[in-house]
Amino acid sequence: MAAHLVYGPLVDLSKMEDRHIIITYRLDRATMQELCAQLEPDLMSAIRHPTGIPPLVQVLSVLHFLASASFQTTVAMASGLSQPMFSNMLSRLLSALLKHMCSYIVFPQVEDLPTVKGDFYALGHIPNIISAIDGTHVAFVPPQE
């Protein structure tokens, strides 16, 4: 059986420049702190285990994984975790994120589409655009009506 290692946080956000935080995690410092605070109750159960992972480490590790499109093993090692531990943590954190998804992802209402399309057209002269992301490829599931 693989050992579940936790070496403690390898990242100190207070020592990172804001630009580097955004590049690495795709969120600014304030949003990341807000996200950690929101998710902490869902992630606290992991801390009660002797090899528990602090919520900040969980959030940083998963955000890095999602932002980098890397492999679990690579991100786990960079986070000081075993791959099985990272995999379990990833599953828990993604489930917790789903609970708060509507706070961060907002789709335009049908009645707003002409205005949204017009605003995007004014920016880039590309017709029929209703949303954009920063270049990170994210699989979206359409909202249920």
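In the predicted model, Leu-39 touches Val-59, Leu-93, Ala-96, Leu-97 and His-100, residues up to four places away in sequence being left out of the list; contact here means heavy atoms within 4.5 Å. Residues are numbered from 1 along each chain as its sequence is written. Because the model is predicted, local features need pLDDT of at least 70 and side-chain atom pairs count only at pLDDT 80 or more, while totals for chains, interfaces and linings use all residues; side-chain values use heavy atoms, without hydrogens and water.

Leu-39 is also among the residues that touch the most other members of the largest nonpolar core, together with Tyr-25, Met-32, Val-59 and Phe-86; this core has 26 residues. Two or more core residues come from each of helix H1 (18–25), helix H2 (29–47), H3, helix H4 (72–79) and helix H5 (83–104), and H5 gives the largest share, seven residues. A nonpolar core is a set of buried Ala, Val, Leu, Ile, Met, Phe, Trp, Tyr and Cys residues joined through side-chain atoms within 4.5 Å. Buried means under 20% relative accessible area, exposed over 50%, and partly exposed in between (1.4 Å probe, protein chains only). Helices are DSSP runs (H or I, at least four residues), numbered from the N terminus.

Helix H3 covers residues 55–68, and its 14 residues should span 20 Å at 1.5 Å a residue, in agreement with the 20 Å between its end C-alpha atoms. The expected span is 1.5 Å times one less than the number of residues. Ten of the 14 residues of H3 are buried, so the helix is largely enclosed by the rest of the structure. Among these buried residues are Val-57, Val-59, Leu-60, Leu-63 and Phe-65. Ala-69, which follows H3, has a positive phi, near 55°.

One aromatic pair is present in the structure. The ring centres of Phe-65 and Phe-86 are 5.5 Å apart and the planes stand at 70°, so the pair is edge-to-face. Since Phe-65 belongs to helix H3 and Phe-86 to helix H5, the pair ties together parts 21 residues apart in sequence. Rings of Phe, Tyr and Trp (its six-membered ring) pair if their centres lie within 6.5 Å, with planes under 30 degrees apart counted as stacked, over 60 as edge-to-face and the rest as tilted. Phe-65 is buried at 17% relative accessibility, and Phe-86 is buried at 0%.

His-125, in the segment after helix H6 (113–124), has a positive phi of about 55° although it is not a glycine. At 57% relative accessibility, His-125 is exposed.
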